[in-house]
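The sequence and coordinates come before the discussion.

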Amino acid sequence: MTGGDPGQIFREEAAELLADLEAALLHLEQNPTDREPLDTAFRALHTIKGSGSMFGFEAAASFTHHLESAFDRMRKGELTATPAMIGIALAAKDHIRILIDDPARADISAGDRILARLAEQSVSAAMSAPLRQEHDDAEGPATWRVRFRLAPDALERGTNPLLLLDELRGLGDAEIVALTDDVPPLEELEPTRCHIAWEVILTTTHPRSTIEDVFIFVIDETELTIDPVSVPVSAPVPTMASDQPAPPMPAAPDAVPHAKPSPPSKVDAGPEKGKAQAASNSIRVPAERLDDLMDQVGELVIAHARLKQLISDSVDLQIKSVTEEIERLSNGLRDITMGIRMVPVESLFGRFRRLVRDLSQELGKDVVLTMSGEETELDKTMIERLNDPLVHIIRNSLDHGLEPATERVAAGKPPQGRIHLSARHAGTRVLMTIRDDGRGLDRDRIRAKAEEQDLIPPGAKLSDAELFQLIFHPGFSTARTLTSVSGRGIGMDVVKRTVDGLRGTIDVSSTPGVGTEITLGLPLTLAIIDGLLVRVGQGRYVIPLFAVEECVELPPDVERRHASRNFLNIRGALVPFLRLRDSFGVRHPPDLYQKVVIISSGDKRVGLVVDQVLGDHQTVIKSMSKLHADVANFSGATILGDGSVALILDIAQIVAAGQIQEQRREAS
Amino acid sequence: MAVTETRSFEALTLGLGGEIFAIDANSVHEILDIVPQTEVPGAPPLVSHLINVRGKVVPLADLRIRFGMDRTPPTIDTRIVVVEIELDEEPTVVGLLADKVHEVTSISGASIEDTPDIGMRWNPDLIKGIGKRGDDFIVIPDIVRIFTTH
């Protein structure tokens, strides 16, 4: 639906470019002499400016223009990338974002202030910059022979050679000759391809780098040679004969326009070609289309399961073999579709560099952010939804976890605080860890606060993990003073809720004086889960397999002491259990031999008594409608092989219910 | 209070607990024979079951509960009318259980009367009006309110 709106396409493109820009700026801040981030930043700004004005984002384009000019000067060495400059550039980047996303909301005066600071910095930074460029400029006019041949499909990709030529003309006196040697005979000519190369004899006061800049956006696909012509030629040079296999000769600026030129050299078709090829092989697809595709594949998986069930009694081998073939294909299709939706978590982690930079400045703490496992892939939707929870966790680490430098030195730690983000696969889950080397969680304060808020009875015995779970309680914050960063008591409960919504888990571990580690366990995808299918009464339910620890039979003696002591002895540990038939109000008489499925969430275990364990079942998750939003115990629904609907148990809620039972036992 | 619905509309008429109900034909997606239903423990009685409609999980509503009618077992005529309604500005697909589906007909605005405040067995808030076709009275329920009020 959004596909047709060019403004929207630009916004999406700009969002990516701005992300590139930010990454480049932060990189530049660490390595001020690096050329590459400077070029990346410049290219991003140049494209935003160009596309912006093309799509009518005039305010953004003209604002970007100023920043682009500054970066151009940095590339030429006229300015240095000072930290102050980077700071301004980051602020400017945020302003561009507003100008593009929501021009009405943009604060014009804020933009002007940024530009004023930029101008101010440009002056002072220019003074400290080396003056090597002056030397180039002082050389006076030089003559260059510029030959270029665009990629054959350059026109289809929207490159306009006329604009490039105009730009060259703008640099000085230019004599342009079209090289038509490669133009095929008419019957073979493909009109959409670019068969012509150009040779330009350019006399200009600009340095070579300025000429190269003309080709900055096509450089990867273009054969380009720029050679100095030793003497500024003005003498006419005889026209070459067409059949003469002449080496490249100095063509005169006043060569007749229809002169047969020398064959273009092909020596420059370097390794860059392969890179350009790879880049043009990827396409942009709106995320909704992938969602639709996933839906359809989900239906296919369900339809296949039905087919398989229908023919299970059939003796027709041909039908069976076709069904198996379809199974192979639909499984393959499902895996590929899920693969398409996967993106490396780097795209998520990368955003926090800026957050940590800004926060550490605001709080006056020196903090370094390190990462590992950025290549680990997760479903794109999941990545988007994890942004807010991770922001909260990182903020908390910076604000509460990491001590000020003096305190750190006193504790024998390096003055610079460290936050480490990591991601790795663990079975069908992805574990994402946020670790800091700060002071660790204050057990006594958490306990005192929890008792004050009546979350736990005074003096209750709690394991560390149980104690730490309290920080996810709504309204719980132990920060003594409010800061602008955290301490408002919102945040961690939001984290918990979001992660629960993603069917994820949160584990907290912390050592006083050493640091805190928060680990999020997440499913690979939101769309499909592996589940254990069980029967309770006549209803069938799916228990997410990642939570299942084991299945045992309900001992008959426990069965007889109905409802009084709902605990099982599992290898010496007391595990509370819930009779799902009671929870679900099943009137159907129970089976003779009841089974218990032991599930876990965090370090808590709960047994679920069911009538029958039917087996494992890979299932496409369907969300429940608004009308069932208030129903407890279920996180979604799925469609079984026979076409009927089964409910998926919400592990977090059920474990919590089991814990209430355990607390009752402890109270009694 | 009941809202007066005076414009004419195309309606699907269905039988429910011995009465004839009319629902906006434009909101009807399809009409299904009875399909396997899955009970949702702990759900409100009105939408206590889920059904599979072409791969989508859809709540099945028994309007008879809101009108205090007897819940007779399904017969050969029982159908599920799949409709789309706006709940909190979000289009929601719901299956409605019907004892029998009659026809699509046009109900003229002139024939629709306000819901009488008295002499009604039902909560007047759940009804937009009473239409007349020949000698029959047709109940025009307010489907959205049926789902949003409790």
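In chain A, 69% of the contacts with a separation of 6 or more are between residues 24 or more positions apart, where two residues are in contact if their C-beta atoms, placed from the backbone, lie within 7 Å. For chain B, the corresponding share of contacts with a separation of 6 or more is 57%. The model is a predicted one, in which local features need pLDDT of at least 70 and side-chain atom pairs count only at pLDDT 80 or more, whereas totals for chains, interfaces and linings use all residues. Residues are numbered from 1 along each chain as its sequence is written, and chains are lettered from A and ligands numbered from 1 in the order in which they are written.

The table sets out the two chains, with helices (H or I, at least four residues) and strands (E, at least two) taken as DSSP runs numbered from the N terminus. A residue is termed buried if 20 or more other C-beta atoms lie within 10 Å of its own, exposed if 12 or fewer, and partly exposed in between, with C-beta atoms placed from the backbone.

| Chain | Secondary structure | Buried share |
|---|---|---|
| Chain A | 21 helices and 21 strands | 31% of 668 residues |
| Chain B | 1 helix and 11 strands | 31% of 150 residues |

Read from the N terminus, the elements of chain B follow the order β-β-β-β-β-β-β-β-β-β-β-α. Where the chains meet, 20 residues of chain B are in contact with 21 residues of chain A. On the chain B side, strands S4 (38–39), S5 (49–53), S6 (56–61) and S8 (90–98) are the elements that give two or more residues to this contact. By class, that side has 11 nonpolar, 5 polar and 4 charged residues, with Ala, Val, Leu, Ile, Met, Phe, Trp, Tyr, Cys and Pro counted as nonpolar, Asp, Glu, Lys and Arg as charged, and the others, Gly among them, as polar.

Within chain A, helix H1 (residues 6–30) packs with helix H4 (residues 83–101) at an angle of about 170°, their axes being 10 Å apart; the axes are lines fitted to C-alpha atoms, for helices over the stretch in contact, and angles run from 0 to 180 degrees between N-to-C directions. H1(A) and H4(A) are therefore roughly antiparallel, since angles over 145 degrees count as such, those under 35 as roughly parallel, 65 to 115 as roughly perpendicular and the rest as oblique. The residues of this contact divide into 11 nonpolar, no polar and 6 charged. Among those that H1(A) contributes are A:Leu18, A:Leu21 and A:Leu25, while those of H4(A) include A:Ile86, A:Leu90 and A:Ile96.

A:Ala106 lies in the loop between H4 and helix H5 (108–128) of chain A, and is partly exposed, with 18 other C-beta atoms within 10 Å. Leaving aside neighbours within four places in sequence, A:Ala106 is in contact with A:Ala59, A:Ile98, A:Leu99 and A:Gly111.

Two further helices of chain A can be described through their spans and their buried residues. Helix H13 (residues 351–363) has 13 residues and reaches 19 Å from its first C-alpha to its last, close to the 18 Å expected at 1.5 Å a residue, the expected span being 1.5 Å times one less than the number of residues. Its buried residues are A:Phe352, A:Val356 and A:Leu359. Seen down the axis of H13(A), these fall within an arc of 75°, so they line one face of the helix, the arc being that of the directions from the helix axis to the C-beta atoms. Their cover includes helix H12 (346–349), strand S6 (367–372), helix H14 (380–401) and strand S8 (417–426) of chain A. Just after H13(A), A:Gly364 takes a positive phi of about 65°.

Helix H10 (residues 287–310) of chain A has 24 residues and reaches 35 Å, close to the expected 34 Å. Its buried residues include A:Met294, A:Val297 and A:Val301, and helix H11 (317–340), strand S19 (612–620) and strand S20 (634–639) of chain A are among the elements that cover the buried residues of H10(A).

A:Arg571 has a positive phi of about 45° although it is not a glycine. This residue lies in the loop between strands S15 (567–570) and S16 (573–579) of chain A, and counts as exposed, with 6 C-beta neighbours inside 10 Å.
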